[in-house]
Amino acid sequence: DVRAAFFPLYPLLVRAVASPFGASPGALLVSAYAVALAAFLGALVLLHRLVSLELGRPLARPALLLLAVFPAAVFFGAPYSESLFLLLAVGAFYAARTGRWAWAGAAAAGAAATRSAGVLLLLPLAMLWWSLRPRKARDAAWLVLGPLGIAAYAAFLGLSEGDAWRFLDVQDAWSRELTVPLAGAWDGLGAAVDGARQLLSGQREVVYFEQAAGDPYRIAAINLMLFGALAFAVAACVGCFRRLPKAYGAWVAASLVLPLTFPVKPQPLMSLPRFLAVLFPIFMWLAVWSEERRATTRVAAVSALGLGLFTAQFASWHWIS
């Protein structure tokens with residue numbers, strides 16, 4: 001049962017909101033959109049405060065704009081867990097930066113109950129605590145809450161299905177497998193090179209990943225797009241380390257290593273744009289970079305074109321990442 005791959009917090013909130021209306025399929029669908037949109041609004045409010053705190057108020061609106069028009073931002077308005085995860089990740093950082101460590105630990109636990117990658121928030125939160133002068137041990141103790149989200153879900157799976165790691169086992173359904181760290185980046189390069197060769201030659205056979213299904217030209221174009229997203233992510237990660245507090249860069253780096261260590265066989269960088277959308281430090285750095293060059297409007301316009309393309313593909317039931 002592949003349902004074990006989907007962490008429970010978002011579905012539980014959806015059901016809670018829909019329950020007064022009978023939890024019919026229609027009520028669940030409306031609730032799923034409502035929870036996602038409300039979480040996205042909350043994430044934008046908290047991110048505005050966080051950017052104002054770290055970079056100054058003038059950069060807050062550009063950061064929000066660049067996040068909102070990012071091509072994969074289409075998932076923030078869809079019945080996916082991305083909005084909730086973004087809200088909890090931003091909330092964890094903001095709580096830590098304002099000295100609310102209990103809230104930081106609770107937000108990290110919620111993020112880990114939303115997606116497995118939420119447990120990685122322990123790294124940047126620990127770095128933020130370590131940077132304090134003076135440091136208080138009782139503040140760090142609240143970070144123990146972080147892993148409880150994933151631990152509670154693993155315990156539930158162990159009791160109900162007899163396999164606490166079921167959420168990892170079912171990744172085979174998407175041909176996602178554990179490899180050496182960052183192997184997905186090399187495979188993604190190979191897929192992109194093969195895709196470029198295929199598009200230029202007009203060859204209709206899938207050469208690099210025979211298991212990929214669908215129109216070969218479309219698969220080739222998607223592989224090129226995904227590698228472009230990886231190149232952008234690497235540049236942004238370097239930029240985050242250079243222009244933001246190190247904890248922000250660490251969050252981006254750790255969150256990139258995870259999918260690149262669990263690549264998908266047919267399409268190594270599958271879903272990478274969706275994973276990038278929740279890495280809000282990328283858009284903080286991009287706001288700094290764009291504002292220094294007075295290019296925010298142009299960058300946002302180009303990104304909005306990508307968002308329009310992604311939205312059109314999503315609305316026509318095409319796989320977009």
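Here is a short tour of a pocket, a cavity and a serine.

This is a predicted model, so local features need pLDDT of at least 70 and side-chain atom pairs count only at pLDDT 80 or more, while totals for chains, interfaces and linings use all residues. Residues are numbered from 1 along each chain as its sequence is written, and side-chain values use heavy atoms, with hydrogens and water left out.

On a 1 Å grid over the protein atoms alone, a cavity is a set of points where a 1.4 Å probe fits but cannot get out; a pocket is an open set with protein on both sides within 12 Å along at least five of seven lines; lining residues have an atom within 4 Å of a point.

| Space | Volume | Nonpolar lining residues | Charged lining residues |
|---|---|---|---|
| Second largest cavity | about 30 Å³ | seven | one |

Of the 23 residues around the second largest pocket, Pro71, Met225, Pro273, Gly306 and Phe310 sit closest to its centre. Helix 11 (216-243), helix 14 (281-292) and helix 15 (296-315) each give at least two residues to that lining.

Two cavities reach 30 Å³ or more. The second largest cavity has Arg176 and Phe275 among its lining residues, and helix 12 (246-261) and helix 13 (272-277) each supply at least two.

Back in helix 14 you'll find serine 290. Why does serine 290 count as buried? Because its relative accessibility is 0%, and buried means under 20%. Beyond neighbours within four places in sequence, serine 290 is in contact (heavy atoms within 4.5 Å) with Leu66, Ala295, Thr296 and Val299.

Methods. Helices (H or I, at least four residues) and strands (E, at least two) are DSSP runs, numbered from the N terminus. Buried means under 20% relative accessible area, exposed over 50%, partly exposed in between (1.4 Å probe, protein chains only). Grid points are joined across faces, edges and corners, and a volume is the space filled by probe spheres set on the points. Ala, Val, Leu, Ile, Met, Phe, Trp, Tyr, Cys and Pro count as nonpolar, Asp, Glu, Lys and Arg as charged, and the others, Gly among them, as polar.
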